[in-house]
Amino acid sequence: MLDPLATKLEHYMDLLGKRQQLVSANIANADTPGYKTKDIDFQFEFMSMLQGGAPNVIEAPGLAVKNDGNNVVLERESRLLAENALRFNLASNLLRGGIRSVRSAIQEGK
Amino acid sequence: MAFSIPHIGSATAIEAPQLDSGSKKAAGFGAVLQDAMGKVGEFNHAASKSAESFLSGEGDDLHKTIMATQRADLAMELFLQVRNKVVQAYQEVMRMQV
Amino acid sequence: MSLLSALSVSASGLSAQRSRAELLVENLANAETTRTPEGGPYRRKDAIFSSAPQGSPFSAEFQREMGAYSNGVEVSEIFEDAREPEKRFLPGHPDADPSGYVAFPRSNPAEDMVDLMAASRGYHANVSAMSAVKDMIQKSIDLMR
């Protein structure tokens, strides 16, 4: 009844959640020797609309490697942390609004 | 918001009651209610499964479980409203003096 | 389960950075310690970080799908400085050897201070991550309102 937009929003939130998990792992491993920054190819995963199961984890390209083999850049991770949270916020607000709209529509018919 | 509500169309298309086809109308209403009830059952089942999988720690994210629950709730609400309307219409038909 | 597991990951980061900071503080405090219970001068300690999958008490099949998502961090080893201690000529010192040399720790306070600041920054980053994820989980729950 809420579809198709709701399913897309759910999928979007799902991918954002998974991306945020990877950001958390990157931040935790910011000083781990040899650790390479992990990410998902967000655009691709969203467009392919394959739900269920985990998206492919890739190594983030183009990051400078420090002497101990670690390539985590805290500034990048902080930016992604904020961005993912904001997008998630927006998507969840849209969904909530949609649910309220449908509920109103149902109530109006009384 | 581009949310669509497909089921409302079929269930609320209640025509003016006609004297001779009173019983036929009743059967029509019944079928519509059965169908809607089936859909509600499906949503409820999906919601329960999702909640179970969340509790056992595996599977879907929290928001998936919540969305499944919300869909089930909305389907139930819609069904109840439709049922009320249908029952009202049926009662009117039955009240008609033959 | 997905987002909740990120909290464990951040918690492991907090724990690791704190251990690292504690060792650095110990190094700084003992930069001039010539006598230890084990004998000899203090030896610098370094925390060695390595990735560690974070298990969750709620899920039996947690590791199956999650793989890379659940990589937290742990202090896998505390590396003690094995180099020869630094010898300074101080004949009057109570810990002087027969030739008048005292063994001092090979310390580098400037480097340790910089490391301590890095550990603090890392700690704060993990706090931010935990906070952001907690908010996202709360937003999900708010969908029910």
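In which strand of chain C does Glu86(C) lie? I looked this up and found Glu86(C) in strand E3 of chain C, residues 86-89; helices (H or I, at least four residues) and strands (E, at least two) are DSSP runs, numbered from the N terminus.

I note that this is a predicted model, in which local features need pLDDT of at least 70 and side-chain atom pairs count only at pLDDT 80 or more, while totals for chains, interfaces and linings use all residues. Residues are numbered from 1 along each chain as its sequence is written, and chains are lettered from A and ligands numbered from 1 in the order in which they are written.

**Entry on Glu86(C)**

The C-alpha atoms of Glu86(C) and Phe104(C) are 5.0 Å apart, although 18 residues separate the two along the chain.

**Entry on chains B and C**

I then read chain C from end to end and found 3 helices and 4 strands, in the order α-β-α-β-β-β-α. Chain C has 145 residues, of which 34% count as buried. In chain B I found 3 helices and 0 strands, and 26% of its 98 residues count as buried.

**Entry on H3 of chain A**

Helix H3(A) has 35 residues and reaches 51 Å from its first C-alpha to its last, close to the 51 Å expected at 1.5 Å a residue; the expected span is 1.5 Å times one less than the number of residues. Its buried residues include Ala85(A), Phe88(A), Ile99(A), Val102(A) and Ile106(A), and what covers the buried residues of H3(A) includes H1 of chain A, H3 of chain B and H3 of chain C.

I next compared the axes of H3(A), residues 74-108, and H3(B), residues 62-95, which come within 10 Å and cross at roughly 10 degrees. Axes here are lines fitted to C-alpha atoms, for helices over the stretch in contact, and angles run from 0 to 180 degrees between N-to-C directions. H3(A) and H3(B) are therefore roughly parallel to each other, a term for angles under 35 degrees. On the side of H3(A) the contact is made by Ile99(A), Val102(A), Arg103(A) and Ile106(A), and on the side of H3(B) by Gln70(B), Leu74(B), Glu77(B), Leu78(B) and Gln81(B).

**Entry on the core**

Which residues touch the most other members of the largest nonpolar core? I found Ala129(C), Val133(C) and Met136(C), in a core of 55 residues, a nonpolar core being a set of buried Ala, Val, Leu, Ile, Met, Phe, Trp, Tyr and Cys residues joined through C-beta atoms within 7 Å. H3(B) gives the most to this core, with 11 residues. Leaving aside neighbours within four places in sequence, Met136(C) is in contact with Gly17(A), Gln20(A), Ala85(A), Phe88(A) and Leu3(C).

Key
Parallel < 35°, antiparallel > 145°, perpendicular 65-115°, else oblique. Contact = placed C-beta atoms within 7 Å. Buried ≥ 20, exposed ≤ 12 C-beta atoms within 10 Å, placed from the backbone.
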